Amino acid sequence: MTSLHASEQGRVADVWRDRLSLLLESTGEGIFGIDMAGCCVFVNRSAARQLGWPAEQIIGRNMHELIHHTHADGRHYPECDCPIFNAFRQGLPCRIDDEVLWRADGTAFYAEYSSHPIVEHGQVQGAVVTFLDISERRRAQELQRVRELAQHQESVREAERTRIAREIHDELGSLLVALKMDVHWLARRVAERDELAGKCLGMGRMIDTAVDNVGRIITDLRPSILDHQGLWAALEWQAQEFIDSAELDSELQLHVAAGVQPPEGALAIAVFRIFQEVLSNVARHAQAKRVQIRIAVDDPPQPVLYLDVRDDGVGAEPQALNAARSYGVMGMRERAQQFGGKLTIDSAPGLGTRVRLVMPLPEAFA
């Protein structure tokens, strides 16, 4: 009877051991166990795959020397400082997500790992370690930080543009007006002296040119129409300015659904700057004869802004638009992504270019 009971216990133990083995092999996390010497006593398939070693070449190896020997910056990682080993040496479980593990090919990857002591009959026998490659997560976090930094820098630049535009308008603009008045005053007093009168007339024209240039610079820095009349008016004005100056066969369509108010702040600035960059690229690079500009906003309650600019110019290779040094294109895409928008560019040599921005608008503006 006792023997049968022991046999039954053994069978149950074997079943649970098999189930545990199946669980270890099926999980996506890497799992390995180490003894009191820090050598591997078991390793699952996921761990072997992530580390790039066959399982049989891991068993019996010192795991710190194998996968945890060096910091991410190349500094030696002493075994005595290893949190994994402290799990059994000091009985201290740990969870770490800012260190690297090393693969068989000598490359490193950021890993999130935890180490817990294995205790039997009150004695620590080793530790079990679970880990997961978080390189993609780290890259996504780094990309998000870069985007947030870029957004912050752009807001700082826009604030600086606004400040400079205001100071130019207030300081330089008023000086030019005063100078123009003085020239008129002087011209009236030398009207009978043709040489001096002609000189005053020429000075007046130069002042008028300076006033026009100052106005253009102020508009480039921060178009007042964007602040005073809103994004829809600013987009229409910018499109008309381009059409008037580019001397192309042009078509402009503008339709904003009733009840959709123009967005304000950073979103409005982002859309306007993207539109400026698109039109600037057409003027500088397209060598086009015709351009079509379409601006449309869907109906509430979930309005979407569409900007569509097509030209029949020289076009470009798709890989050129995605190149690492295509800073203008990258900047437009980053601006769009910051607010949940998407910018697509379809182009081919000799077939022109189409740039399309799809930007969802917050419900507050519907």
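## Ground rules

This is a predicted model, where local features need pLDDT of at least 70 and side-chain atom pairs count only at pLDDT 80 or more, while totals for chains, interfaces and linings use all residues. Residues are numbered from 1 along each chain as its sequence is written, and side-chain values use heavy atoms, with hydrogens and water left out.

Helices (H or I, at least four residues) and strands (E, at least two) are DSSP runs, numbered from the N terminus. Buried means under 20% relative accessible area, exposed means over 50%, and partly exposed is in between (1.4 Å probe, protein chains only). Contact means heavy atoms within 4.5 Å.

## H6 against H7

Let's start with the pair that includes H7. H6 and helix H7 (residues 194-221) pack at an angle of about 170°, with their axes 10 Å apart. The axes are lines fitted to C-alpha atoms, for helices over the stretch in contact, and the angles run from 0 to 180 degrees between N-to-C directions. H6 and H7 are therefore roughly antiparallel to each other; angles under 35 degrees count as roughly parallel, over 145 as roughly antiparallel, 65 to 115 as roughly perpendicular and the rest as oblique. The crossing of H6 and H7 is left-handed, meaning that the near helix is turned anticlockwise from the far one by less than a right angle (clockwise would be right-handed).

On the H6 side, the residues that meet H7 include Ile164, Ala165, Ile168, Leu172, Leu176 and Leu179. Their partners in H7 include Cys200, Gly204, Ile207, Val214, Ile218 and Leu221. Those H7 names come up again as the buried residues of H7, and the buried residues of H7 pack against H6 and H10.

Ala165 in helix H6 is worth a stop. At 6% relative accessibility, Ala165 counts as buried. Leaving aside neighbours within four places in sequence, Ala165 is in contact with Ile218, Leu221 and Arg222. Ala165 and Pro223 are 58 residues apart in sequence, yet 9.0 Å apart in space, C-alpha to C-alpha.

## H12 and its packing partners

Helix H12 (residues 327-338) has 12 residues and reaches 16 Å from its first C-alpha to its last, close to the 16 Å expected at 1.5 Å a residue. The buried residues of H12 are Val329, Met332, Arg335 and Ala336. They cover an arc of only 130° around the axis, which puts them on the same side of H12; the arc is that of the directions from the helix axis to the C-beta atoms. These buried residues pack against helix H6 (135-189), helix H10 (265-286), helix H11 (318-321), strand S9 (342-347) and strand S10 (353-360). Just after H12, Gly340 takes a positive phi of about 80°.

Two of those partners come with packing angles. H6 and H12 pack at an angle of about 100°, with their axes 11 Å apart. That makes H6 roughly perpendicular to H12. Arg147, Ala150, Gln151 and Glu154 in H6 meet Glu334, Arg335, Gln337 and Gln338 in H12. H10 and H12, on the other hand, pack at about 155° with their axes 9 Å apart. H10 and H12 are therefore roughly antiparallel to each other, and their crossing is left-handed. The contact is made by Ala270, Arg273, Ile274, Glu277, Val278 and Asn281 of H10 and Gly328, Met332, Arg335 and Ala336 of H12.

Most residues other than glycine have a negative phi, and most peptide bonds are trans. His121, in the loop between strand S4 (108-120) and strand S5 (123-133), has a positive phi near 55°. His121 is exposed, with a relative accessible area of 81%. Gln287 lies in the loop between H10 and S7 and has a positive phi of about 55° although it is not a glycine. Gln287 is exposed too, at 66%.

The loop between strand S7 (290-297) and strand S8 (304-311) holds Pro301, and the peptide bond from Pro300 to Pro301 is cis, with omega near 10°. Asp298 also sits in the loop between S7 and S8 and is partly exposed, with a relative accessible area of 32%. Not counting residues up to four places away in sequence, Asp298 touches Ala257, Val260, Pro303, Val304 and Tyr306.

Definitions and conventions. The expected span of a helix is 1.5 Å times one less than its number of residues.
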